[in-house]
Amino acid sequence: MEYVGTFVWRDGDDSFGGFSGIEISPDGSAFHALTDRAHLYWGSIDRDSQGLIRAMNIAGRAHLKDSKGVPLPPGYTGDSEGLAIGEDGAIWVSFEGLDRVARYDHPDARATTFDPPPKMPGMRINTGLEALAIRDGTIYAVPERSGAEDRPFPILTFRDNAWGQAGEIRRDPRWLAVGADFGPDGWFYLLERDFQGILGFASRVRRMQLTEDGPMNEEILLTTRPLQYDNLEGLAVWHDGQGIRLTMISDDNFLFVQRTELVEYRLRD
């Protein structure tokens, strides 16, 4: 893993902050970013000749709605955490609190809702479906907690309005699942977080292959030091022409002592 760079993103809108999910276009030039208060941002990315982010240009922002077209309030029904965009352009969002996934045909659309996910150990008001990814039309969701530090994370799947499970991911004590994506290499990438109180946040990225027998060939790619970065919660994986690029975004919790960072690494095979 090679460190590429860190960009601090700022904007004066009241809804800006609390980012929990991010999607990057295959060429790295565009983004969608989701806050944990049901706001979606999108736009373009300016990069220099080395591929470092120099500006995040906001083209639009939307307040996500429920199935009746009413904007979602922050809290129990509007705690949006995971973001995935399908090949057809559909926007998928996972929520914790009122645990569910919803599809949006475009950012200003009413939500298309589905049957709720099965209740798994550890899924409570603030520890529901945190990490979301999509592959070949199937949604993969991992809850933030598993109920016990030695209990694996379940990988829930959703397709054709039916929930299933694609195995379990080994859990290490203290680490919580916060973001996920499928890379262009077909591997499943999982972002995890460890909060160490006054020492701040540490982050970790694992990748694995999801097979019919469950996750295989797991690798720990990155483990950061406490306070090295802010509260990284969203993950997007794409190919930058030189290797697999990992773009992570931090949740500043709408606190002035934190900040919104985009942190990028490159994986060279």
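Where is the place of tyrosine 76? I found tyrosine 76 in the loop between strand E5 (53-63) and E6; strands (E, at least two residues) are DSSP runs, as are helices (H or I, at least four), numbered from the N terminus.

A note on what I am working with: this is a predicted model, in which local features need pLDDT of at least 70 and side-chain atom pairs count only at pLDDT 80 or more, while totals for chains, interfaces and linings use all residues. Residues are numbered from 1 along each chain as its sequence is written, and side-chain values use heavy atoms, with hydrogens and water left out.

**Surface entry.** I looked up the cover on tyrosine 76 and got a relative accessible area of 47%, so I call it partly exposed (buried is under 20%, exposed over 50%, partly exposed in between, with a 1.4 Å probe and protein chains only). Tyr76 also makes a nonpolar surface patch of about 310 Å² with Leu98 and Ile125.

**Alanine 111 entry.** Alanine 111 sits in the loop between strand E8 (100-104) and strand E9 (112-113). I noted it as buried, because its relative accessible area is 9%. Its C-alpha atom is 5.1 Å from that of aspartate 66, although the two are 45 residues apart along the chain.

**Cavity entry.** I used a 1 Å grid over the protein atoms alone: a cavity is a set of points where a 1.4 Å probe fits but cannot get out, a pocket is an open set with protein on both sides within 12 Å along at least five of seven lines, and lining residues have an atom within 4 Å of a point. I found one cavity of 30 Å³ or more, and about 60 Å³ of space lies in the largest cavity. Its lining has 15 residues, with Gly21, Leu83, Leu132, Gly179 and Ala180 nearest the centre.

The largest pocket holds about 690 Å³ of space. I counted 29 lining residues there, and Glu23, Ile85, Gly86, Glu87 and Ile134 lie nearest its centre. Strand E18 (232-239) gives the largest share of that lining, four residues.

The second largest pocket has about 540 Å³ and is lined by 30 residues, among them Asn126, Glu144 and Arg193. Strand E15 (residues 188-195) gives the most to this lining, with three residues.

Terms used: Points joined across faces, edges and corners; volume = space filled by probe spheres on them. Patch = residues over 30% accessible without salt bridge, like charges linked within 9 Å, V, L, I, M, F, W, Y side chains within 5 Å. Areas by Shrake-Rupley, 256 points an atom, 1.4 Å probe, with all protein chains shown as cover. Salt bridge = Lys/Arg side-chain N within 4 Å of Asp/Glu carboxyl O.
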